[in-house]
Amino acid sequence: MKTYQLVGIGNAVVDVISTCSDDFLEMMDIEKGIMQLIERERAELLYAAMENRIQTPGGSVANTIAGAGALGLDAAFIGRVHDDRLGHFYADAMNEDGVDFVNPPVPDGELPTSRSMIFVSPDGERSMNTYLGISSELSSADVPREVAGNAQIMFLEGYLFDKDKGKTAFLEAARDCREGGGKTGIAISDPFCVERHRADFLSLIENELDFVIGNEAEIKSLFETDDLEEALRRTAAICPLVVCTRSGDGVTVLHDGTRIDVPVEKVVPVDATGAGDQFAAGFLFGMATGRDYETCARIGNVCAREVISHIGPRPEANMLELLRDEGLV
């Protein structure tokens with residue numbers, strides 16, 4: 001069986017991206033800067049209202065896996081799509097990006113392929129309106145044990161915690177990976193996701209995972225505190241490796257009692273979509289190729305900086321060339 005350097009499990013969502021004004025967000029009752037779950041009818045309404053749409057395979061962890069694949073990792077993604085037009089677009093696009101899409105589209109699927117309407121305002125903030133569709137039905141049956149058990153690193157998406165079968169799939173996959181000698185970690189996804197599943201998140205992090213990656217709002221939400229230092233300390237007490245992105249304030253990495261703070265070059269984003277996802281791609285690439293954690297964070301920062309320089313959640317530049325220019329590979 002093939003051994004992958006990196007395997008991701010998450011929502012397989014087609015991203016549909018459009019620029020808009022703040023007035024448009026207000027008119028359409030879209031809350032700025034966050035991800036909102038919507039029903040199928042609203043998804044169709046918002047899709048029809050979008051101008052100059054850019055369509056791309058998305059999903060938080062899927063974006064990370066694609067970014068890591070672009071850096072040269074042998075990577076795979078496990079997600080659930082319908083045997084429909086968008087489902088085939090998604091599967092084909094992932095494979096074309098050099099990432100093995102492990103699950104074929106589901107014939108006679110119970111729901112359509114998932115999609116997220118992302119509106120980018122003039123300040124680069126993205127407001128995501130996601131119809132989860134079939135991707136949220138992912139279960140243990142969708143996770144081949146031979147793939148999970150042969151992964152060097154497995155990366156899980158917190159959004160899938162909204163259904164019990166997603167939690168079960170995570171737990172089983174994490175255990176299979178660790179039994180095979182791999183390391184497992186999670187993308188916290190967003191503070192609201194933590195609010196819904198705090199106890200389950202903390203149990204998984206403490207008992208089943210080797211690392212956690214999140215931004216400061218997500219890390220603080222784990223322990224219901226506004227004190228980032230307290231949240232970092234308490235998270236590090238239950239997990240060997242904690243990686244916290246802090247926007248323009250850089251990145252903090254805590255590992256076995258050691259703290260590393262890595263600064264970032266502050267830039268004005270064209271589109272913040274995918275910044276955290278591509279940071280994770282760079283960090284995990286560094287981990288998979290044996291770099292120290294400071295270098296991993298610096299690689300992640302370069303990847304995040306590139307993706308916020310243009311519309312869309314995945315890199316457009318040759319990332320290995322950019323990393324060579326920075327002396328990181």
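Asn 52 lies in the loop between helix 2 (40-49) and strand 4 (54-58), where helices (H or I, at least four residues) and strands (E, at least two) are DSSP runs, numbered from the N terminus. Its phi is positive, about 50 degrees, although Asn 52 is not a glycine. Asn 52 counts as exposed because its relative accessibility is 73%; exposed means over 50% relative accessible area, buried under 20%, and partly exposed in between, with a 1.4 Å probe and protein chains only. Asp 29, in the loop between helix 1 (22-27) and strand 3 (35-37), also has a positive phi, near 55 degrees, and is a residue other than glycine. With 63% relative accessibility, Asp 29 counts as exposed. Most residues other than glycine have a negative phi.

This is a predicted model, in which local features need pLDDT of at least 70 and side-chain atom pairs count only at pLDDT 80 or more, while totals for chains, interfaces and linings use all residues. Residues are numbered from 1 along each chain as its sequence is written, and side-chain values use heavy atoms, with hydrogens and water left out.

Asp 15 belongs to strand 2 (residues 13-19). It counts as buried because its relative accessibility is 3%. Leaving aside neighbours within four places in sequence, Asp 15 is in contact (heavy atoms within 4.5 Å) with residues including Ile 54, Gln 55, Thr 56, Gly 58, Gly 59 and Asn 63, and also with Ser 116, Ile 118 and Pro 313.

Asp 277 is in helix 10 and, at 14% relative accessibility, counts as buried. Its side chain makes a polar contact of 2.8 Å with that of Ser 60 and another of 3.2 Å with that of Asn 63. A polar contact is a pair of N or O atoms within 3.5 Å; within protein, one must be able to donate a hydrogen and the other to accept it, and residues adjacent in sequence count only if both atoms are side-chain atoms. Asp 277 and Val 61 are 216 residues apart in sequence, with 6.7 Å between their C-alpha atoms.

Helix 10 (residues 275-288) packs against helix 11 (residues 293-307) at an angle of about 145 degrees, with the axes 7 Å apart. Axes are lines fitted to C-alpha atoms, for helices over the stretch in contact, and angles run from 0 to 180 degrees between N-to-C directions. Among the residues that meet are Phe 279, Phe 283 and Gly 286 in helix 10, and Cys 296, Gly 300 and Ala 304 in helix 11.

Which residues of helix 6 are buried? They are Gly 166, Lys 167, Ala 169, Phe 170, Ala 173, Ala 174, Asp 176 and Cys 177. An α-helix has 3.6 residues a turn, so residues three or four places apart point the same way. The cover over these buried residues includes strand 1 (4-9), helix 5 (145-148), strand 9 (151-157), strand 10 (183-187) and helix 7 (191-208). Just after helix 6, Gly 181 has a positive phi of about 95 degrees.
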